[in-house]
Amino acid sequence: MCLLALSLSGVCVTAVESRPAGGGTSHAFKAVGELTESPGHRPFGARAMAFVALTKPRVIELLLMTTVPVMFLAAQGVPDLWLVLATCIGGYLSAGGAGAFNMWYDRDIDALMDRTSQRPLVTGMVSAKECLVFASALTVGSTLWFWFLVNPLSAMLSLGANAFYVVIYTMILKRRTAQNIVWGGIAGCMPVIIGWSAVTNSVSWAAVVLFLVIFFWTPPHYWPLSMKVKDDYERVGVPMLPVIAGNKAVAKQIVLYSWVMVAVSLSLQPLGYTGWFYTVVAAALGAFWLKEAHALQIRANVGVTGAKLKEMRLFHWSITYVSLLFVAVAVDPFLR
């Protein structure tokens, strides 16, 4: 994948127009023109922050939040702290490379969506060629980092996650199917597997269960946000579920995935991987999640729209949920 990306690095910036954005191309053309600005006219500090933004640091925070606790569970206590640091750095570089590739490929539709209109390639703070080279360097660097400082298994898992997010989700699924976030979310599940493999140089059923927790968490986490900004996705022709289905149908899917997610999260204790503390926390968090999911479904079923739908309540809670759940994963080994 990296070689493919490098081979494309000479593509002219105006290739933005080569993929249909679903309308509003004049805005896209304007954004392309902005990229011709000389780098000398772009302040160094702003440029540095723009390259950081390419890595999607807020997303990576969440990915690392699922990586580190799993390392504690795998070690059944405190893992080697250097290994934790090395894994976090490698994970940041890998996920950052994937995020930059995503922004490079999606720069046409990013220019048309309100929520992405200030991304570095749209504003011209970073050129398309610079972004592609940066993304390739991060991907190669992260793979080598994992290989030599963690272990080869983690390196291959990391590279696979990067390739899946860029090729399968960004290039193939995102613009073609409403199931994009369901299957594309697999890449976001991989830090759990990588955290476990970093400690044990293997993959166990505990890691698979936590992988599945994130897999079933991702759609009901992202669909409420998609409901909020569905006009953006509709404008650019991206078939997120809320674009092609009504709020009632989306809310039903959110509830279904939520129940499966909670059930999977509670399976760690019967399988013998966690004790009472994790189970109590997972049950309490899951109960509150289901309360919020069903409340959203009730509002959707009676036709509530706009601000009164309160779809973002579940989105914000979903971040709290996964953070606290994985804190419990890390703490549980010390209380068994």
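Where is the place of Arg175? Arg175 sits in the loop between H9 and helix H10 (180–184), and we will come back to this residue below. Welcome to this structure, which is a predicted model. Its protein chain is built with 17 helices and zero strands, and 53% of the 336 residues are buried.

**The chain as a whole**

- Of the contacts between residues at least 6 apart in sequence, 77% join residues at least 24 apart.
- The protein chain exposes about 14,300 Å², and carbon and sulfur atoms supply 69% of that area.

**A nonpolar patch on the surface**

- Here is a group to look for on the surface: Trp82, Leu85, Ile89, Val140, Leu144, Trp147, Phe148, Leu149 and Met156 form a nonpolar patch.
- Together, the residues of this patch have about 870 Å² of accessible area.
- Helix H5 (81–105) and H8 each supply at least two residues of the patch.
- H8 gives the most to the patch, with five residues.
- One of the patch residues, Met156, has its place in helix H9 (residues 152–173).
- Met156 counts as partly exposed because its relative accessibility is 43%, which falls between the 20% and 50% cut-offs.

**Lys129 in helix H8**

- Helix H8 covers residues 128–149, and Lys129 lies in it.
- Lys129 has 49% relative accessibility, so this residue counts as partly exposed.
- Lys129 and Trp104 are 25 residues apart in sequence, while their C-alpha atoms are 8.6 Å apart in space.

- Is Arg175 buried or exposed? Arg175 counts as buried because its relative accessibility is 18%, and buried means under 20%.
- The side chain of Arg175 makes a polar contact with the side chain of Asp108, at 3.0 Å.

**Cysteines**

- A disulfide is a covalent bond between the sulfur atoms of two cysteines.
- How many disulfides are there in this model? The count comes to zero, with sulfur atoms within 2.5 Å as the cut-off.
- Cys131 has a relative accessible area of 0%, so Cys131 is buried.
- Cys189 also counts as buried, because its relative accessibility is 0%.

**Two loop residues with positive phi**

- Gln76 has a phi near 50°, which is a positive value in a residue other than glycine.
- You can find Gln76 in the loop between helix H4 (57–75) and H5.
- With a relative accessible area of 43%, Gln76 is partly exposed.
- Lys310 has a phi near 55°, again a positive value in a residue other than glycine.
- The loop that holds Lys310 lies between helix H16 (276–301) and helix H17 (311–331).
- Lys310 is partly exposed, with a relative accessible area of 43%.

Notes. Residues are numbered from 1 along each chain as its sequence is written. This is a predicted model: local features need pLDDT of at least 70, side-chain atom pairs count only at pLDDT 80 or more; totals for chains, interfaces and linings use all residues. Side-chain values use heavy atoms; hydrogens and water are left out. Helices (H or I, at least four residues) and strands (E, at least two) are DSSP runs, numbered from the N terminus. Buried means under 20% relative accessible area, exposed over 50%, partly exposed in between (1.4 Å probe, protein chains only). Contact means heavy atoms within 4.5 Å. Accessible areas come from the Shrake-Rupley method with a 1.4 Å probe; for residues, only the protein chains shown count as cover. Patches are made of residues with over 30% relative accessible area and no salt bridge: like charges are joined within 9 Å, nonpolar side chains (Val, Leu, Ile, Met, Phe, Trp, Tyr) within 5 Å. A salt bridge is a side-chain nitrogen of Lys or Arg within 4 Å of a carboxyl oxygen of Asp or Glu. A polar contact is a pair of N or O atoms within 3.5 Å; within protein, one must be able to donate a hydrogen and the other to accept it, and residues adjacent in sequence count only if both atoms are side-chain atoms.
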